[in-house]
Amino acid sequence: MAYMTDRKRANRWGSAKSGTHHFWSMKVSSVGLLILIPLFVFTFGPALGGTYEEVTAYFARPFPAIIAALTMIVAFKHFNDGFQVLVEDYVHGIWEKILILGMTCLSYGAAAVGVFAIARLAL
Amino acid sequence: MADVNRGNRPLSPHLQIYRPQLTSITSIFVRITGNALIVAMLMIVWWFLAAATSPEYFAYADAFVTSWFGDLVLFLSTWALWYHLLGGVRHLIWDNAVGLDLETAYTLGYALIIGSVVLTIFTVIVV
């Protein structure tokens with residue numbers, strides 16, 4: 001008979017301080033994308049296949065440029081949060097950390113490149 | 001309570017035990033489509049970067065993105081995008097503890113499959 005209690009066992013294992021934060025972030029970005037994705041598909045889609053002059057002129061317009069930039073930011077944030085859940089479910093140990101860190105670098109990096117490129121086209 | 005049978009409890013059955021069902025398959029495809037979309041996302045970022053760099057680099061990137069292979073990736077991604085979006089809507093509904101009964105879950109599952117195909121065809125026609 002060990003003198004252990006449920007409370008004592010739970011100690012040091014971390015609390016639920018930020019337990020719902022990830023869930024809420026996913027929910028916020030998913031609602032954002034619900035608005036942005038249809039707008040992005042039907043503004044970006046027609047531009048694809050155009051000549052260099054057409055494409056640069058198209059994204060110099062405010063609406064397609066703002067939609068595209070916002071989509072970059074929210075989609076990569078949402079992707080990063082979602083990928084983290086995928087890794088947490090299937091990968092454990094050191095690779096869990098490496099994959100989450102690596103994909104975070106890639107997601108934020110790609111979002112930055114996308115926003116930079118769109119800003120350059122727009123300005 | 002504190003010492004009852006710790007670490008020696010039966011495990012819940014794993015994936016290979018369950019018969020695949022509409023609910024489980026549509027669920028796993030939300031995850032697959034969501035993560036697979038990174039390919040198209042990176043391709044689009046590359047395309048934007050090329051357009052912002054120079055006409056020569058744009059011609060190079062655009063040739064890849066609009067090639068048959070690029071088209072195939074974007075076509076499949078269009079379906080994946082609509083599927084993932086509708087799957088997300090389904091989660092937003094479920095988050096309110098609504099529609100979790102089997103009958104509604106199946107209806108939403110069929111709506112997800114049919115809806116994603118219809119939206120993909122619509123996108124291909126319009127865009």
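Predicted model: local features only at pLDDT ≥ 70, side-chain atom pairs only at ≥ 80, totals over all residues.

Me: How far apart are the end C-alpha atoms of residues 28-50 of chain B?

Reply: Residues are numbered from 1 along each chain as its sequence is written, while chains are lettered from A and ligands numbered from 1 in the order in which they are written. Helices (H or I, at least four residues) and strands (E, at least two) are DSSP runs, numbered from the N terminus. Residues 28-50 of chain B are 100% helix and 0% strand, and the end C-alpha atoms are separated by 34 Å.

Me: Which residues of chain B carry the UniProt feature "transmembrane region"?

Reply: UniProt positions are given in the numbering used here, feature names are shortened, and annotations may be inferred rather than shown by experiment. One of the spans, residues 57-85 of chain B, is 93% helix and 0% strand, with end C-alpha atoms 32 Å apart. The UniProt record, an unreviewed entry, places the feature at residues 28-50, 57-85 and 105-126.

Me: Which element of chain A has the highest mean pLDDT?

Reply: Chain A has a mean pLDDT of 91, and 96% of its residues reach 70 or more. Chain B averages 89, with 94% of its residues scoring at least 70. Among the elements of chain A, helix H1 (residues 6-10) is lowest at 80, and the highest, at 96, is H5(A).

Me: Which element gives the largest share of the side of chain B that touches chain A?

Reply: In all, 26 residues of chain B are in contact (C-beta atoms, placed from the backbone, within 7 Å) with 27 residues of chain A. The elements giving two or more residues to this side of chain B are its helices H1 (22-53), H2 (55-65), H3 (68-94) and H4 (102-126). The largest share, 11 residues, is from H1(B).

Me: How many nonpolar residues does the side of chain B that touches chain A have?

Reply: Ala, Val, Leu, Ile, Met, Phe, Trp, Tyr, Cys and Pro count as nonpolar, Asp, Glu, Lys and Arg as charged, and the others, Gly among them, as polar. This side has 5 polar and 2 charged residues, and its nonpolar residues number 19.

Me: At what angle do helix H5 of chain A and H1(B) pack?

Reply: Residues in H5(A), including Val113(A) and Leu121(A), meet residues in H1(B), including Leu42(B) and Phe48(B). By class, this contact has 12 nonpolar, 1 polar and 1 charged residues. Axes are lines fitted to C-alpha atoms, for helices over the stretch in contact, and angles run from 0 to 180 degrees between N-to-C directions. The axes of H5(A), residues 94-122, and H1(B) are 8 Å apart, and the angle is about 35 degrees.

Me: Is His84(B) buried or exposed?

Reply: His84(B) is in helix H3 of chain B, and an unreviewed UniProt entry annotates it as "binding site". A residue is buried if 20 or more other C-beta atoms, placed from the backbone, lie within 10 Å of its own, exposed if 12 or fewer, and partly exposed in between. His84(B) has 27 such neighbours, so it counts as buried.

Me: What is the phi of Ala97(B)?

Reply: Most residues other than glycine have a negative phi. Ala97(B) sits in the loop between H3 and H4 of chain B and counts as exposed because it has 7 C-beta neighbours inside 10 Å. Although Ala97(B) is not a glycine, its phi is positive, at about 60 degrees.

Me: How far apart in space are Tyr58(A) and Gln84(A), C-alpha to C-alpha?

Reply: Tyr58(A) lies in helix H3 (residues 52-58) of chain A. Tyr58(A) has 18 C-beta neighbours inside 10 Å, so it counts as partly exposed. Tyr58(A) and Gln84(A) are 26 residues apart in sequence, and in space they are separated by 35 Å.

Definitions and conventions. pLDDT = per-residue confidence, 0-100. Contact = placed C-beta atoms within 7 Å.
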